[in-house]
Amino acid sequence: MKKALITGISGQDGSYLTEFLLKKGYEVHGIVRRSSTVVRSRLDFISPEVNRQNLFLHYGDLSDGSSLFKLVNRIKPDEVYNLGAQSHVRISFDIPLYTADVDGLGTLRLLDAIRDSHSQAKFYQASSSEMFGLVQTTPQNESTPFHPRSPYACAKVFAHYQTINYRESHGLFACCGILFNHESPRRGENFVTRKICKGVAEIKSGKRQKITLGNLDARRDWGYAPEYVEAMWLMLQQQTADDYVIATGETHSVKEFVEAAFAYVGLNWQEHVEFDQKYTRPAEVDLLQGDYSKAKQKLGWEPKVKFKDLLAIMMEAELTGEPVSRL
Ligand code: NAP
Ligand code: F7E
C-alpha cells in the first residue's frame, strides 16, 4: 500500500486529493494545524464509499521545521503533496511576513526535511498562476516569465524555484504544478466564485439583498478542483520529474461570472451588486489564461468542466444547501 503525506489536507484541494488517493488504495497522512476550534468540515464530507480507516491526521505546521522532519521520518511516505499555504492573495498584503514564512520558507523546510531524512519520497509543490502576475505573454505556459504582483505570489515563486533547485541539486523527484484558479463547492467562502454563488443563493432565498465585491474587470481561467488534484497525482506517476501548467485555456471576467450566477436564478445582477474598495488589491493580476498543452501531451490530462458547468455545479450546491458535500 502506497503512503501519501499531504500538507493542507483540510483545504479545498487537500480534501479532494485525500478522497482521490483513498479511492486508489493509498494510506493517507495529513498534517493539520492546532486551532482553538477543531474544524475539519471538508474532510467530514469525504464520500462514504472510501475507506476512511486509511486516513491519519497529525499535528504539525509549515512554520515548524522540526514537526515536518519528525513526520517525514516517522511516516516514510512514498509521495508528499505540499498544498498547505496562506492562500488568499489580498490577505497576503495584510500579513506579508507570515505568508512568506508559511508559503515560501515552509516549502523549503519541507524539502529539507525530506532531504535530511534521506527519504526517496516524490514531492509535489502547489505552484500558482499568480506567479505570472503582470503577464508577459498570453496564454501562459511553462516558459512564460514570472512577474509576481503580491506577497503571496512572491512567496510562491521562491517555493517554486526551491523545489526545482532541490530536484537539480539533490536529485529529489520534485514536480511543480502551476495550477490556474480552480474552484468547487468546497472553495473557501472569501474567494470570489464561492462568495458570488453563496451570495446569489442567499439573495434568491430572501436572506439578503446585496453582495459587495471589488474589481469586476479581472479575468481568470477557472477550472474544477477535483479534476486538478488528479493532475497533481499524474505528475508524480511519470518517469521523470517536471513542471506543468494546469488550466482550462479559457478566460472570463469576474463580471461575466457575476452575470451568469445571477442569470442562473433569474435575477439581474446590477440590482444586487455593490462595490467596496476594501476588496481590491494594491496591485491586481488583470488577466490569466493557461496553455495546458504540455499536460495534455505528457500526462494525458485534459479539463472536462469549464466555465458554464463549473458555475452550475457551484450554484446547485449553494441552492440545495449542500455546499461542502457535493462532489
Ligand atoms: P485552501 O483551501 O486555502 O487550503 C490551504 C490549506 O493550507 C488548509 O488546509 C490550511 O489549514 C493549510 N495551512 C495554512 N497555513 C498552514 C500552516 N502554517 N501550516 C500547515 N498548513 C497550513 O487552499 P486550496 O485552494 O486548497 O489550495 C491548495 C494549494 O494550492 C495552496 O498552496 C494554494 O496556494 C495553491 N493553489 C491554489 C489554487 C486555487 O485556485 N485553489 C491555484 C494555484 C495554487 P487550515 O484549514 O487550518 O486553514
Ligand atoms: O480573486 C477579484 C479579485 O480571491 C479572483 C487563490 O486560490 O487563485 C486564487 O487567487 C479575482 C481577483 O482568487 C472580489 O480582485 C473582485 O482579481 O477568488 P480570488 P485569486 O486572487 O485569483 C490563485 C491561482 C491562487 O493561487 C490563490 O491561492 O476576483 N475580486 N471582488 C474579488 N476577489 C475576492 N476574493 N473577493 C471579492 O470580493
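Elements are DSSP runs numbered from the N terminus, with helices (H or I) of at least four residues and strands (E) of at least two.

Polar contacts (pairs of N or O atoms within 3.5 Å; within protein, one atom must be able to donate a hydrogen and the other to accept it, and residues adjacent in sequence count only if both atoms are side-chain atoms) were listed for both ligands. A polar side-chain atom of Ser87 lies 2.7 Å from an oxygen atom of ligand 1. Backbone atoms also take part. A polar backbone atom of Asp13 is 2.8 Å from a ligand 1 oxygen. For a backbone N or O atom of Ala85, the distance to an oxygen of ligand 1 is 3.1 Å. On its own, ligand 1 has 900 Å² of accessible area, and the protein covers 87% of it. Accessible areas come from the Shrake-Rupley method with a 1.4 Å probe; for residues, only the protein chains shown count as cover.

Ligand 2 has 22 residues around it, and Ser87, Ser128, Tyr152, Arg281 and Glu284 come nearest. The shell holds 8 nonpolar, 8 polar and 6 charged residues. Taken alone, ligand 2 exposes 700 Å², of which the protein buries 96%. Domain 1 (3-183 + 222-249 + 296-304) and domain 2 (192-218 + 251-288 + 308-320) both give residues to the shell, so ligand 2 lies between them. The bounds come from an automatic or database domain assignment.

An open sheet of 7 strands runs in the order E3-E2-E1-E4-E5-E6-E11, with parallel pairing. Strands pair if DSSP finds at least two bridges between them. Strand E3 (55-59) and strand E11 (244-246) form the edges, each pairing on one side only. Neighbouring strands are turned by 20 degrees against each other on average, direction ignored. Axes are lines fitted to C-alpha atoms, for helices over the stretch in contact, and angles run from 0 to 180 degrees between N-to-C directions. Strand E6 (residues 174-179) is joined to E11 by 3 bridges, and the two run parallel. Leu179 stands opposite Ile246 in E11.

Two backbone features fall in loops. Thr138 and Pro139 are joined by a cis peptide bond, with omega about 0 degrees. Pro139 is found in the loop between E5 and H6. Lys76, not a glycine, has a positive phi of about 50 degrees. Lys76 lies in the loop between helix H3 (65-75) and strand E4 (79-82). Most residues other than glycine have a negative phi, and most peptide bonds are trans.

Residues are numbered from 1 along each chain as its sequence is written, while chains are lettered from A and ligands numbered from 1 in the order in which they are written. In this predicted model local features need pLDDT of at least 70, side-chain atom pairs count only at pLDDT 80 or more, and totals for chains, interfaces and linings use all residues; side-chain values use heavy atoms, with hydrogens and water left out.

Technical notes. Near = heavy atom within 4 Å. Nonpolar A, V, L, I, M, F, W, Y, C, P; charged D, E, K, R; others polar.
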